[in-house]
Amino acid sequence: MFLFYLFYLFVLCRWPDSTIDRLKASKTIWPIPQIEQVFLPDFKIRSQINEYSFKSLGLICNGVFGKVYKVKKLNSSGDLYAMKVLEKSLIVYENGVQQVKNEVQIQSLCGHHPFIVNCPFFWQNRNQLFIVSEYIGGGELLKLLQKYGPLPEELCRVYFAELVVIIDFLHNAGVIYRDIKPENILLDDNGHLQLIDFGLSKWLPQGCRTSTICGTTQYMAPEVLQSEPYYSHAVDWWSAGVLLFQMLTNQVKFKNIKCLSNIFLI
């Protein structure tokens, strides 16, 4: 036993410190699972704010990758938020990892704008992603159109002016939105527009083009519908024009696929 102890001391003294450090590290650092690693660094694994920091007040809507809940932040003055809970397995299966990364990057960086909903918190656990945005209680612009029909021209001017301000801000920030529609525009307590859902947004510097076919059919620009190889920020202006028409008439110019053939006559 004594000889073994001497041999141990001899070997330990001759090993470089760097070797010992590597051995210690190999015993204490666990590899991050791939399902968590792919969403880093945007979605932190351990965050001071997590799903247990909020109380659910009910379901708001269902989405492609998950659900959105109205929640109240605990240990605060009762601030309300909208919590989007996304299933990682669906996101990975649909090849949407970069899409959700773009969403939180763009919304968190552009959320200081008065007409854009901010998302101050986002994180992940083993199976889900969480994106927490400010809660806007005025409802969707779509609901307003469904309830009252065509809006007064003066109100349409105000709403369209605010939409122009939003789009111009995003484009100057190097963002193409690609999903302008009344479902993605909320009204705050003062009646002003609030843009939400940056799921199809993308970083795109001014003067550059992209090629992904995405958006909502009735609001998509002709160059997107025709599957042209590349399109620019101009597609957002087309969608804004369609929305203005809808606000004035309470009609969508192209209600179905058969009507889309008319778009190429414009």
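Guide: Domain bounds come from an automatic or database domain assignment. The model discussed here is predicted, with residues numbered from 1 along each chain as its sequence is written, and local features need pLDDT of at least 70, side-chain atom pairs count only at pLDDT 80 or more, while totals for chains, interfaces and linings use all residues. Side-chain values rest on heavy atoms, with hydrogens and water left out.

Visitor: How many helices and strands are there in the protein chain?

Guide: Helices (H or I, at least four residues) and strands (E, at least two) are DSSP runs numbered from the N terminus. The protein chain has nine helices and nine strands.

Visitor: What volume does the largest pocket have, and how is a pocket to be read?

Guide: On a 1 Å grid over the protein atoms alone, a pocket is an open set of points with protein on both sides within 12 Å along at least five of seven lines; in a cavity, a 1.4 Å probe fits but cannot get out, and lining residues have an atom within 4 Å of a point. Points are joined across faces, edges and corners, and volume is the space filled by probe spheres set on them. In this model the largest pocket holds about 1100 Å³. Its lining comprises 36 residues, of which Cys-61, Val-68, Lys-84, Asn-184 and Asp-197 are the closest to the centre.

Visitor: Which elements give two or more residues to the lining of the largest pocket?

Guide: They are strand 1 (54-62), strand 2 (66-73), strand 3 (80-87), helix 5 (97-110) and strand 5 (128-134). Helix 5 provides the largest share, four residues. Domain 1 (51-134) and domain 2 (139-249) each supply at least three residues to this lining.

Visitor: How do the residues of that lining divide by class?

Guide: Ala, Val, Leu, Ile, Met, Phe, Trp, Tyr, Cys and Pro count as nonpolar, Asp, Glu, Lys and Arg as charged, and the others, Gly among them, as polar. The lining of the largest pocket has 15 nonpolar, 10 polar and 11 charged residues.

Visitor: Which residues line the largest cavity?

Guide: The residues around it are Arg-178, Asp-179, Cys-214, Gly-215, Thr-216, Tyr-219, Met-220, Ala-221, Val-224, Tyr-231, Val-235 and Ser-239. Seven of these are nonpolar, three polar and two charged. Arg-178 and Cys-214 line this cavity and also line the second largest pocket.

Visitor: Is Trp-237 buried, partly exposed or exposed?

Guide: Buried means under 20% relative accessible area, exposed over 50%, and partly exposed in between (1.4 Å probe, protein chains only). Trp-237 has a relative accessible area of 36%, and is therefore partly exposed. In the protein chain, 40% of the 266 residues count as buried.

Visitor: What does Trp-237 touch?

Guide: Contact means heavy atoms within 4.5 Å. Trp-237 sits in helix 9 (residues 234-249). Leaving aside residues up to four places away in sequence, Trp-237 touches Val-164, Ile-167, Asp-168 and His-171. The C-alpha atoms of Trp-237 and Asp-168 lie 9.5 Å apart, although 69 residues separate the two along the chain.
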